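Visitor: I would like to go through this model with you, one element at a time. Could you show it to me before I start asking?

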Amino acid sequence: MTSESRRLLLCSDMDGTVIPYAAPEDADARPRLRALCRHPAVALAYVTGRDAELVREAIAQFDLPTPAYAVTDVGACIWRVDAAGDWTRWDEWQTEIAQDWRGQTQEQARPLLADWAGLTLQAEERQQPYKLSYYWDMDQCAPDDVLTEVQTRLQPLGWNTELTLSIDAHQRVGLLDVLPRRATKRHAVEFLQAQLNYTPDQVVFAGDSGNDLSVMESHVHSVLVANTPPEVKAEGRRLAADTGQADTLYIATGGVGYGNGNYAAGVLEGVAHFCPRWADDLRQTTASA
Ligand SMILES: [Mg+2]
């Protein structure tokens, strides 16, 4: 029997959050995360820059728990995943975010950015109708200069656009995503919460990088895993404090009974912090694969 008070919508970034990079990962971290996500009261949503195909690849490659929902392409698409493993695009989300671009798609924006040397278009499979993605030259262009240049060039369209700069620490490359203003990870998490009738204390988000920070300044209970780069932690703290949301941001440290705080262990530590009703289940000593 699923108790209403135990309902949990666990929203997690993938790369660097449940997919490990170079920092040490506890051997039991992912098995324990899989055990949590098998609980009938838990719904898992990945919230990621990956597209749907790359999400499925990562689940198989890293033996990650199967999600019930997936926010892909940094918020440009939301999918429902049924018990048979079939993915269905959530059309209401497309309608919701399309308003910001006045019925147009990224095709209209490309010519305005095409001749600027600071940007290189990412592969076509990385583009979506409501997402335009580039690499930015970190050696030549400061982040503020990129944002200013792109904003100026897109101004004639009259769109409400969200520009997200992040750094893929793994591949040491800068990423720019041009999205409708509503298509943030934050708004996608809020959309899921509202559509699925979760209360705020039944939702936890976990991340590790710049494109997760939109959630950190919201009311959503948010976790930065311990392996998050120091500058992202500092920015998360600043954003949360500036918006009066300091108590809804938790930075995992490890050493408090849930593992070393990195990757999936940090996600579990964050769930235990925000949802004391889950804490006993999540203690490392009670883990089962
Ligand atoms: Mg990440």
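Visitor: In which strand is the place of Trp-87?

Guide: This is a predicted model, in which local features need pLDDT of at least 70, side-chain atom pairs count only at pLDDT 80 or more, and totals for chains, interfaces and linings use all residues. Residues are numbered from 1 along each chain as its sequence is written. Helices (H or I, at least four residues) and strands (E, at least two) are DSSP runs numbered from the N terminus, and the run of residues 87-89 that holds Trp-87 is strand β5.

Visitor: Is Trp-87 buried or partly exposed?

Guide: A residue is buried if 20 or more other C-beta atoms, placed from the backbone, lie within 10 Å of its own, exposed if 12 or fewer, and partly exposed in between. Since Trp-87 has 17 C-beta neighbours inside 10 Å, the class is partly exposed.

Visitor: And how does Val-232 count, buried or exposed?

Guide: Val-232 lies in helix α8, residues 230-242. Leaving aside neighbours within four places in sequence, Val-232 is in contact (C-beta atoms, placed from the backbone, within 7 Å) with Asp-208, Ser-209, Gly-210 and Leu-224. Because 22 other C-beta atoms lie within 10 Å, Val-232 counts as buried.

Visitor: Which residue of β9 is the bridge partner of Thr-161?

Guide: Strand β9 (residues 173-180) pairs with β8 in the antiparallel sense over 8 bridges. The partner of Thr-161 in β9 is Pro-180.

Visitor: How are α1 and α9 oriented to each other?

Guide: Two packed helices are described by the angle between their axes and the distance between the axes. Axes are lines fitted to C-alpha atoms, for helices over the stretch in contact, with angles from 0 to 180 degrees between N-to-C directions; those of α1 (residues 29-38) and α9 (residues 263-274) come within 7 Å and cross at roughly 45°. Angles under 35 degrees count as roughly parallel, over 145 as roughly antiparallel, 65 to 115 as roughly perpendicular and the rest as oblique. The two helices are therefore oblique.

Terms used. Pairing = 2+ DSSP bridges. Contact = placed C-beta atoms within 7 Å.
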